Amino acid sequence: MRPFLVSCLGAACTAALALPLAPAAAHPAESASGPGAVRARDLPGATQSLPLENLAPGTPAQDARDLTQRVPAVRGLAPRTVRPFSLLGIVWDDAAAALRGRIQVRTRARGSGLWSGWQDLQNTSDDAPDLGAGEGRGNAARGSTAPLWVGASDAVRLRLTLTDPHRAATALPHGLRLELVDPGPDTPAVRSGPPSSAAATASSAANAPLAPLGATEIPAADQATAQADVTAAGGQATGPVHIGARPRIVTRAGWGADESLREARFVYTHAVRAAFVHHSATGNNYTCAEAPSVIRGLYRYHVESSHWRDIGYNFLIDKCGTVYEGRAGGVAKPVLGAHTLGFNNDSTGIALLGSFGTTAPPRPAVEALGRLAAWKLGLQGADPRGRTAMTSTGGNLYRKGRVVRQHVISGHRDGFKTECPGTLLYADLPAIRQVAAHLQGR
């Protein structure tokens, strides 16, 4: 189905939370200098972009643990001092192209000068807007890796081991760049008062009547009160509906979204008939206090680096079970996301912050997922235990036009060939469906 658009004005708005950043894992310091080195200094939230198309074949060993040799299959970026950043990823020009190989990074903790061990970077982000959705202010969406949260850092090095050493010269996609994201300063959040720009006003107003203008959170509401939320979603409740209690939701103002980054318009689909569950694949090395910073980093990576309209997910949940508003347009409304290529229409995307392939998702996060699904799906009368027919707009699992009966609560891998939301989170989905249905009073 074709999404429809609502326009609003865009202008600058910055509100960031005063939250500490965790140091990276401790390893002996390395030298980090060279032609590209810059003096580290405090700057507002920003993205540094380092070209990677001319990576050197192999890199000299820097210490006893680095056994990289000068062979054609290995490319490397020598240690480089950069401006402070906390999240990184790699992008390239053609979203249809693949980056084939093992990507590893090391980062130096800001302040201590200690280096992390080698960390793997997932070589595809999996999440993506639908083809023809018009993301990116007219710019074509880029190919990208999953982003990785590394904490406050001021130097980086990288190595790429190519899958096919015989194609080393042509294996790297055009326009390959390392994106280093500073999520913005941790300054005290404004807890009350009007929004500071037209864009911030529009973002906040989209949540009326669930919260007043400028609110940093949408309060929790019991099941009886949540009945009225159906009207906020654009529906008409003619009698009692099956809906869960509304969870507390931190708004975009609450996590410090700079509303000048996103596209001004809001884009809606027609209804929310399914929820696709994701993990952010950013790693689990963050504290709950850092979650707003992680989300700000994801936001910049999706918009500035990947050329999307806004952050891709409709909702995010941290390891302590706090729910956050994602893409702007109103938490009760059917906002078109960029999370499950082929099935973004008539769905909502919920991402748990972390990586859950081999690590079990925290129970508070899983429980929050059940509560959020019971409320969000209840706005449209959807039974979390059921299935719904959805038409693919085209992806790597189902061709365009294919009608698929998806679970009302599906994992990302149900609509796209991917490991997301991780094996251990995916295994929790049957129980989450039952819990959500129970919370709806079914």
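Strands are DSSP runs of E of at least two residues, numbered from the N terminus. The structure used in these exercises is a predicted model.

**Exercise 1. Describe the chain as a whole: how many helices and strands does the chain have, and what share of the residues is buried?**

Solution. Count the elements: the chain has eight helices and 19 strands. Then turn to burial: 57% of the 442 residues count as buried. Last, consider contacts with a separation of 6 or more: 78% of these in the chain are between residues 24 or more positions apart.

**Exercise 2. Compare the span of helix 5 with the expected span, and explain why helix 5 is largely enclosed.**

Solution. Helix 5 runs over residues 291–305, which makes 15 residues. From the first C-alpha to the last, helix 5 reaches 20 Å. At 1.5 Å a residue the expected value is 21 Å, and the span of helix 5 is close to that. After helix 5 comes H307, which has a positive phi near 65°.

**Exercise 3. Find which cysteines form a disulfide and state which parts of the chain they tie together.**

Solution. The test is a pair of cysteine sulfur atoms within 2.5 Å. C288 and C320 meet it, with their sulfur atoms 1.9 Å apart. The count is one disulfide. The link of C288 and C320 is right-handed, with 90° about the S-S bond. C288 sits in the loop between strand 13 (274–279) and helix 5, and C320 in the loop between strand 14 (315–317) and strand 15 (323–325), so the pair ties together parts 32 residues apart in sequence. As for accessibility, C288 is partly exposed at 22%, and C320 is partly exposed at 47%. Another cysteine, C420, is buried, with a relative accessible area of 4%.

**Exercise 4. Work out the surroundings of A226: which residues does A226 touch?**

Solution. A226 lies in helix 2, residues 223–226. The relative accessibility of A226 is 0%, so A226 counts as buried. Leaving aside residues up to four places away in sequence, A226 touches I243, G244, A245, R246 and W375. For one of these, R246, the separation from A226 is 20 residues in sequence and 5.9 Å in space, C-alpha to C-alpha.

**Exercise 5. Decide whether helix 6 is parallel or oblique to helix 8, and list the residues that make the contact.**

Solution. Helix 6 covers residues 363–378 and helix 8 covers residues 429–439. They pack at an angle of about 50°, and their axes are 8 Å apart. Angles under 35 degrees count as roughly parallel and 65 to 115 as roughly perpendicular, so helix 6 is oblique to helix 8. The crossing of helix 6 with helix 8 is right-handed. On the helix 6 side, the contact is made by V366, L369, G370, R371, A373 and A374. On the helix 8 side, I432, A436 and L439 make the contact.

How values were computed
Residues numbered from 1 in each chain as written. Predicted model: local features only at pLDDT ≥ 70, side-chain atom pairs only at ≥ 80, totals over all residues. Heavy atoms only, no water. Helix = DSSP H or I, 4+ residues; strand = E, 2+ residues; numbered from the N terminus. Expected span 1.5 Å × (residues − 1). Buried < 20%, exposed > 50% of the residue type's maximum accessible area, 1.4 Å probe, protein only. Contact = heavy atoms within 4.5 Å. Axes fitted to C-alpha atoms, helices over the stretch in contact; angles between N-to-C directions. Parallel < 35°, antiparallel > 145°, perpendicular 65-115°, else oblique. Left-handed = near helix turned anticlockwise from the far one by under 90°.
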